[in-house]
Amino acid sequence: MSLRLSTVILPVDRWHEGGRARWQRAEQLGFHTAYTYDHLSWRTFRDGPWFGALPTLTAAATATERLRLGTLVTSPNFRHPVTLAKELISLDDVSGGRVTLGIGAGGNGFDATALGQEAWTPKERADRFAEFVPLLDRLLTEDAVSQRGTFYSAEEARNIPGCVQRPRIPFAVAATGPRGLKLAARHGQAWVTTGDPKLYEAGTPEQSAEALSGQIGRLGAACEEAGRDVGGLEKILLTGFTPERARPLESVDAFVEFAGRHQELGFTEIVVHWPIADSDFAADQAVFEKIATEAVGQLS
């Protein structure tokens with residue numbers, strides 16, 4: 001399976017002051033997919049501009065023609081399956097079937113308490129995620145859904161005409177724990193990881209590769225349990241959170257070496273952050289664009 005190169009465009013620019021141009025440039029550069037984060041605010045960007053993911057993706061759908069679009073990732077922190085399904089079906093329609101839903105259990109960031117609730121424990125997040133994903137799957141594939149759950153319910157929720165993509169838009173499930181990996185195996189068309197967060201500060205690339213290999217092994221076991229071939233599941237690495245940090249974007253050679261190592265582990269898609277000056281995602285724009293246009297050809 002050939003390696004795909006995708007990007008994440010954070011929603012920090014007003015649409016008519018650079019936002020639209022970034023998404024159009026991503027298509028021109030040949031990225032497979034352009035994702036955005038689905039947060040209400042995020043880390044060091046909290047006190048600056050930050051726009052909604054789904055409206056941004058809808059605008060991007062009207063400004064592009066071929067580029068796939070997606071979230072990395074949506075979570076239950078401030079979403080409900082019923083309303084999310086309606087918005088995703090609409091986005092899939094506007095884009096002509098170019099949407100991928102990256103979805104995860106969420107975390108302890110600003111989203112976790114923005115609606116006035118206490119932050120959920122890891123177990124509570126896993127419990128909610130285990131209910132959220134199957135219900136969302138049903139909502140995107142069935143015309144009408146009624147279901148009573150512990151956390152999420154639907155009563156005659158109608159979603160006609162459904163997704164352009166059949167049977168529904170693909171799910172890219174972000175997971176490293178056993179319960180999340182089972183959801184990826186059962187409901188995902190792709191699996192997403194950022195690596196082992198414990199290695200970010202003081203780990204080595206070798207330790208990171210070992211951890212990622214272990215994650216893929218556990219994904220394989222979850223797929224086997226679900227009666228599924230793990231080879232049919234796309235494996236996505238969102239970069240910037242492994243010990244290499246931004247070093248792969250320093251040159252085409254550096255990226256090819258990094259991507260090649262992870263392709264050998266089994267990854268089918270590498271996602272890089274669009275450069276943002278004066279942030280953790282700062283990078284030389286010219287080098288970034290050269291990587292976009294030249295690197296994948298050296299790996300296929």
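Okay, so Arg 168: in this predicted model, Arg 168 lies over the face of Phe 171, and the distance to the ring centre is 3.6 Å. There's another one of these. Arg 245 puts its charged end over the ring of Tyr 200, at 4.2 Å from the ring's centre.

How many aromatic pairs does the count come to? With the rule used here, 11 aromatic pairs. Let me walk you through a couple of them.

Take Trp 191 and Phe 267. Their ring centres are 6.0 Å apart and the planes make an angle of 20°, so we call this pair stacked, the cut-off being under 30 degrees. What I like here is where the partners come from. Trp 191 sits in strand 8, residues 190-193, while Phe 267 is in the loop between helix 7 and strand 10, so to speak 76 residues apart, and the pair links distant parts of the chain. And are these two buried or exposed? Trp 191 is buried, at a relative accessible area of 0%, and Phe 267 counts as buried too, at 2%.

Next pair: Trp 274 and Phe 288. Here the centres are 5.1 Å apart with the planes at 65°, and because anything over 60 counts as edge-to-face, that's what this pair is. Trp 274 is in the loop between strand 10 and helix 8, Phe 288 is in helix 8 itself, and they're 14 residues apart. On burial, Trp 274 has 5% relative accessibility, so it counts as buried, and Phe 288 is buried with 1%.

There's also a cluster. Ring pairs tie together Tyr 37, Trp 42, Phe 45, Trp 50, Phe 241 and Phe 281.

Helix 7 covers residues 252-265, which is 14 residues. From first C-alpha to last, helix 7 reaches 20 Å, close to the 20 Å you'd expect at 1.5 Å a residue. Which of its residues are buried? Val 252, Phe 255, Val 256, Phe 258, Ala 259, Gly 260 and His 262. And what covers those buried residues? The cover includes strand 1 (4-8), strand 9 (234-238) and strand 10 (269-273), plus helix 6 (205-225) and helix 8 (285-294). Helix 8, remember, is where Phe 288 sits.

One more detail at the end of helix 7: the residue that follows is Gly 266, and its phi is positive, near 125°.

Definitions and conventions. Residues numbered from 1 in each chain as written. Predicted model: local features only at pLDDT ≥ 70, side-chain atom pairs only at ≥ 80, totals over all residues. Heavy atoms only, no water. Helix = DSSP H or I, 4+ residues; strand = E, 2+ residues; numbered from the N terminus. Expected span 1.5 Å × (residues − 1). Buried < 20%, exposed > 50% of the residue type's maximum accessible area, 1.4 Å probe, protein only. Contact = heavy atoms within 4.5 Å. Phe/Tyr/Trp six-rings, centres within 6.5 Å; stacked < 30°, edge-to-face > 60°. Lys NZ or Arg CZ within 6 Å of the ring centre and 35° of its normal.
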